[in-house]
Amino acid sequence: MLDFIELKNNKAHAKIALNGGHIFHYERVGQEPLLYLSEISDFEDGKSIRGGIPICWPWFGKPEGKTLQHGFARTSKWTHVSTKEIDEDTTKVILKLNHSEETLKLFPYKFELALHVELGEHLKVELKTTNLDTKAFEITQALHTYFAVSHIDDVEISGLENKPYLDALTYKNEVQNGAITFSKEVDRVYQEVDKTIILKDKNRTLHVESIGSSSCVVWNPWIDKCSRMSAMKQDAYKEFVCIESANAFDDVRLILPNESHILKALIY
Ligand code: TA6
């Protein structure tokens with residue numbers, strides 16, 4: 001079992017694994033968990049947890065010449081810096097990941113990655129990249145959030161109407177027509193994102209506000225890909241949808257020496 005931090009206050013309950021800086025449980029008091037977690041997820045150091053909020057960093061996907069899908073942050077051991085009870089309804093946690101011999105082989109720059117989590121009625125997740133090197137570097141990244149849903153057939157996502165997206169299944173550039181519903185595999189990287197995204201499910205409506213981001217990934221593997229995914233039950237595609245606050249593809253960010261960039265997701 002992994003080392004993890006368990007947080008509880010008047011408003012919510014959460015669990016964060018040091019492996020990957022991975023929030024793998026978040027529920028508001030008296031409500032169903034808001035994040036999906038695979039019943040057969042791996043829970044060991046060096047492997048990504050299937051569900052919750054994987055941190056894709058310092059690259060999203062598998063860019064030219066990279067072997068590790070979604071970078072190394074989600075399989076690295078993070079350090080717990082602090083937990084602070086702000087008040088009965090709010091708890092703040094900071095974790096961090098710094099460059100090491102291993103990371104320098106994969107990403108030849110000195111960095112600090114800090115995860116600031118604010119747990120309450122809302123879930124606030126901030127991923128702060130600081131360039132500690134003498135050279136500028138580029139990152140792409142995503143808070144790869146798996147939202148639990150009652151059934152994928154009941155789901156509708158709005159807030160991305162008329163936005164351009166790259167269809168990762170066809171590699172074609174398209175424009176979103178109306179709200180997003182699901183009846184097949186969907187894997188899309190939206191650009192020019194500037195609105196709060198609304199996830200309507202049978203029992204609840206969730207909002208995802210992204211700051212420091214103009215791209216967003218929407219993904220559901222559907223039947224075939226789900227059956228090929230690691231640590232995922234055959235019919236798991238019915239139980240989640242990913243809405244990922246990102247700096248992906250064209251939304252790549254250049255970070256100058258001693259500068260920082262914050263990618264923030266506000267979920268409520
Ligand atoms: O964000 C969508 C995506 O890039 C999909 O293409 C799928 O690969 C998903 O991420 C999960 O990737 P993982 O490496 O966690 O199995």
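Colleague: Which backbone nitrogen does the side chain of Asp 87 reach at 2.7 Å?

Modeller: The side chain of Asp 87 reaches the backbone nitrogen of Asp 89 at that distance, 2.7 Å. The backbone nitrogen of Thr 90 is also reached by this side chain, at 2.8 Å. A polar contact here is a pair of N or O atoms within 3.5 Å; within protein, one must be able to donate a hydrogen and the other to accept it, and residues adjacent in sequence count only if both atoms are side-chain atoms.

Colleague: What kind of model is this, and how are residues numbered?

Modeller: The model is predicted: local features need pLDDT of at least 70, side-chain atom pairs count only at pLDDT 80 or more, and totals for chains, interfaces and linings use all residues. Residues are numbered from 1 along each chain as its sequence is written, and side-chain values use heavy atoms, with hydrogens and water left out.

Colleague: In which strand is Asp 87?

Modeller: Asp 87 is in strand β5, residues 79–87. Strands (E, at least two residues) and helices (H or I, at least four) are DSSP runs, numbered from the N terminus. Asp 87 counts as partly exposed because its relative accessibility is 39%; buried means under 20% relative accessible area, exposed over 50%, and partly exposed in between, with a 1.4 Å probe and protein chains only.

Colleague: And Ser 82, buried or exposed?

Modeller: Ser 82 is buried, with a relative accessible area of 17%. Ser 82 is also found in strand β5. Not counting residues up to four places away in sequence, Ser 82 touches Lys 92, Val 93 and Ile 94, where contact means heavy atoms within 4.5 Å.

Colleague: Changing topic, how many aromatic pairs does the structure hold?

Modeller: The structure holds 20 aromatic pairs. One of them is Phe 107 with Phe 111, edge-to-face at 6.3 Å centre to centre and 65° between the planes. Rings of Phe, Tyr and Trp (its six-membered ring) pair if their centres lie within 6.5 Å; planes under 30 degrees apart count as stacked, over 60 as edge-to-face and the rest as tilted. Phe 107 and Phe 111 are both buried.

Colleague: What about Tyr 165 and Tyr 190?

Modeller: Tyr 165 and Tyr 190 form a tilted pair, 4.9 Å centre to centre with 45° between the planes. Tyr 165 lies in strand β13 (residues 164–167) and Tyr 190 in strand β15 (residues 186–190), so the pair ties together parts that are 25 residues apart in sequence. Tyr 165 counts as buried at 9% relative accessibility, and Tyr 190 is buried at 0%.

Colleague: Which residues touch the most other members of the largest nonpolar core?

Modeller: Trp 57, Ile 157 and Phe 182 do, in a core of 69 residues. Strand β7 (residues 111–119) contributes the largest share of this core, 5 residues. A nonpolar core is a set of buried Ala, Val, Leu, Ile, Met, Phe, Trp, Tyr and Cys residues joined through side-chain atoms within 4.5 Å.

Colleague: Finally, how many salt bridges are there?

Modeller: There are 13 salt bridges, each a side-chain nitrogen of Lys or Arg within 4 Å of a carboxyl oxygen of Asp or Glu. Among them, Lys 233 meets Asp 235 at 3.6 Å, N to O, and Lys 233 meets Glu 239 at 3.1 Å, N to O.

Colleague: Which residues make up the network?

Modeller: Salt bridges that share partners join Glu 39, Lys 233, Asp 235 and Glu 239 into one network.
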